[in-house]
Amino acid sequence: MDKVIATAAEAVADVPSGASVAVGGFGLAGIPRFLIEALLEQGADGLTIVSNNCGVDGAGLGLLLEKRRISRVIASYIGENREFGRQFLAGELEVELTPQGTLAERLRAGGAGIGAFYTPAGVGTVVADGGLPLRYHPDGTPAVTSRPKEVRVFGGREMVLEEGIVTDVALVRAAVADRHGNAVFHAAARNFNPAAAMAGRLTVLETERLVEPGELDPDAVHLPGVFVDRVVALTPAQAAEKSIEKRTVRPRPAGG
């Protein structure tokens, strides 16, 4: 039952090239940064990444992008990552853009054993009708486009069929976890982490603080340990090392 692994490098050592990897986080909030860095050092390539976005230039999944370790991405937006956008438009990367709520539910559904579900999100757009560019030619013309999806009517409302996502590996980050893998996330860092963890056949979790079994109130647990296979405890210095994607502050009041 003790799922603790000594280092992040050991925890991702057996992730193969060509693997599909679900990654928690939103921008830079709650990303498993040390597991991502360990995977970068490990050398696996040809990866399919399922994540809300691909971090930013020089941080998070952006590091894997810069080293050309990623071949395909399923995400809800390109965000602040210029290299992500450049590779996509240059035909170097395949990208399946998915509505944000749909992506979250596809991960959760995959983890719950639900093969597919119907949602109104995307009906009447290229998400449902097909034709969404997945890969471009170097000259900027679409090379691969999405296929139409099944649409049915429920309660008088059209809904599109979306498939659940199950990945080979999931990398997530928690604020607190015990040795059994039960985890608690802090505030907005909860984001995609529980859903990504559920979707992985092998789930690796880095935690800012490790506690002993029984210390967590069962009612406070956000992610049950049944969904976690390996736990990596961060050092206090690592846990404190966090980045802000875009800092916005108000002017200091006069005389403050």
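**Notebook: helices, pockets and a cavity**

I began with Thr98, which is buried, with a relative accessible area of 4%. Buried means under 20% relative accessible area, exposed over 50%, partly exposed in between, with a 1.4 Å probe and protein chains only. The model is predicted: local features need pLDDT of at least 70, side-chain atom pairs count only at pLDDT 80 or more, and totals for chains, interfaces and linings use all residues. Residues are numbered from 1 along each chain as its sequence is written, and side-chain values use heavy atoms, with hydrogens and water left out.

I placed Thr98 in the loop between strand S5 (94-97) and H5. Helices (H or I, at least four residues) and strands (E, at least two) are DSSP runs, numbered from the N terminus. Leaving aside neighbours within four places in sequence, I found Thr98 in contact with Ile74, Ala75, Ser76, Leu103 and Arg106. Contact means heavy atoms within 4.5 Å.

**Helix H5**

I turned to helix H5 (residues 100-112), which has 13 residues. From its first C-alpha to its last it reaches 19 Å, close to the 18 Å expected at 1.5 Å a residue. The expected span is 1.5 Å times one less than the number of residues. I listed the buried residues of H5: Thr102, Leu103, Arg106, Leu107, Ala109, Gly110 and Gly111. Just after H5, Gly113 takes a positive phi of about 80°.

**Helix H2 and Arg33**

Next I looked up H2. Seven of its ten residues are buried, so H2 is largely enclosed by the rest of the structure. They are Arg33, Phe34, Leu35, Ile36, Ala38, Leu39 and Leu40. Gly43 follows H2 and has a positive phi, near 100°.

I then took Arg33, which sits in helix H2 (residues 33-42). Arg33 is buried, with a relative accessible area of 17%. Its side chain makes a polar contact of 3.5 Å with the side chain of Ser243. A polar contact is a pair of N or O atoms within 3.5 Å; within protein, one must be able to donate a hydrogen and the other to accept it, and residues adjacent in sequence count only if both atoms are side-chain atoms. Beyond four places in sequence, the contacts of Arg33 include Arg173, Glu206 and Glu241.

I read off about 380 Å³ of space in the largest pocket. Of its 22 lining residues, the closest to its centre are Leu28, Ala29, Gly30, Ile31 and Lys242. H2 and strand S11 (167-178) are the elements that give two or more residues to this lining. The largest share, three residues, comes from S11.

On a 1 Å grid over the protein atoms alone, a pocket is an open set of points with protein on both sides within 12 Å along at least five of seven lines, while a cavity is a set where a 1.4 Å probe fits but cannot get out; lining residues have an atom within 4 Å of a point. Grid points are joined across faces, edges and corners, and a volume is the space filled by probe spheres set on the points.

The second largest pocket holds about 270 Å³. Its lining includes Glu96, Arg106 and Arg147. Strand S10 (residues 157-163) gives the largest share, three residues.

**Cavity**

I counted one cavity of 30 Å³ or more. The largest cavity holds about 50 Å³. Of its 13 lining residues, Gly27, Ile31, Ser51, Asn53 and Gly55 lie nearest its centre.
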